[in-house]
Amino acid sequence: MERRSFIKGTFALATIGLLNPVLFRHDLAAEEAVEMPYKELLDDYLRGRKAEDGSSIMKLNIPDAPENGAVVPIEVTIDYPMKSDDYISNITVLTTKNKANKAISFDLTPANGMAYLYVNVKMGQTQDVVILAQTNKGKIFQASKNVRVALGGCG
C-alpha cells in the first residue's frame, strides 16, 4: 500500500507543477504582449521587403463598428493555393493604435489545406486592422480595414 500512496503523491505533485508555472518556475505560461509601435512592428515583419496589395486574394470578415472593443471578431480567408512548394506560411494580424499592436501571428503548412484564421481581438479605439500574409517563398500580401470602436476593450 505504501508504493501506491507514493505513486499517487508523485502524480499529484507533477500535476500541480504543470498547472502552476509560478511555483516551479517553468515557461508554460502565455507570452506577455509586447508594446511596440505599429510602424516598428510592420518594419520588423517586412525586413526591407515590399508588401503587395492582398485585397484581391484576402477576404476580411471584420465588423465595421463592433458593439464592444473588448471582443472584435476577425476572420481572414486567403484564396491562395496551399501546394507543397507554394503556400501561405504565416498570417499576422496587427492593429495600428493599441498598446500591444501585434494581435496574433499564426504559422501554417500545406497540411492546413487552406489559409484561414479566426481570432477575437481587443481594440481600445477606432483604428486600422492590418493583415499580413507571407508565402513560404517570402512574398508578402497586405490588406487592411478601418474599424470604428465606440466602447474600448484595452482600458
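Predicted model: local features only at pLDDT ≥ 70, side-chain atom pairs only at ≥ 80, totals over all residues.
Student: Within what arc do the buried residues of α3 fall?
Tutor: Buried means under 20% relative accessible area, exposed over 50%, partly exposed in between (1.4 Å probe, protein chains only). In α3 (residues 38-46), Y38, L41, L42, Y45 and L46 are buried. They line one face of the helix, because seen down its axis, by the directions from that axis to the C-beta atoms, they fall within an arc of 125°.

Student: In what order do the strands of the open sheet of 5 strands stand?
Tutor: Two strands pair if DSSP finds at least two bridges between them. The pairing in this sheet is mixed, and the order is β1-β8-β7-β4-β5.

Student: What angle does the direction of α3 make with that of β4?
Tutor: Axes are lines fitted to C-alpha atoms, for helices over the stretch in contact, and angles run from 0 to 180 degrees between N-to-C directions. α3 packs on the sheet, and its direction makes with that of β4 an angle of about 170°.

Student: Which residue in β8 is the bridge partner of D53?
Tutor: β1 and β8 run parallel, joined by 3 bridges. A51 partners I140 in β8. For D53, the partner is Q142.

Student: Which residue takes a positive phi in the hairpin of β7 and β8?
Tutor: These strands pair in the antiparallel sense over 8 bridges. The hairpin has 4 residues between the strands, and the positive phi, near 95°, belongs to G138.

Student: How far apart in space are V76 and Y116, C-alpha to C-alpha?
Tutor: V76 lies in strand β3 and is buried, at a relative accessible area of 0%. Its contacts beyond four places in sequence include Y116 and I131. V76 and Y116 are 40 residues apart in sequence, yet in space the separation is 5.6 Å.

Student: Which residue in β6 stands opposite I78?
Tutor: An open sheet of 3 strands has the order β2-β3-β6, with antiparallel pairing. β3 (residues 72-78) and β6 share 7 bridges. Opposite I78 stands A115.

Student: Is N98 buried or exposed?
Tutor: N98 lies in the loop between β4 (88-95) and β5 (102-107). Its side chain makes a polar contact (N or O atoms within 3.5 Å; within protein, one able to donate a hydrogen and the other to accept it, residues adjacent in sequence counting only if both atoms are side-chain atoms) of 3.4 Å with that of T95. Its relative accessible area is 9%, so N98 is buried.

Student: Where is confidence lowest in the chain?
Tutor: The chain averages a pLDDT of 86. Strand β8 (residues 140-147) scores highest, at 97. The lowest mean, 54, falls in helix α2 (residues 21-24).

How values were computed. Residues numbered from 1 in each chain as written. Heavy atoms only, no water. pLDDT = per-residue confidence, 0-100. Helix = DSSP H or I, 4+ residues; strand = E, 2+ residues; numbered from the N terminus. Contact = heavy atoms within 4.5 Å.
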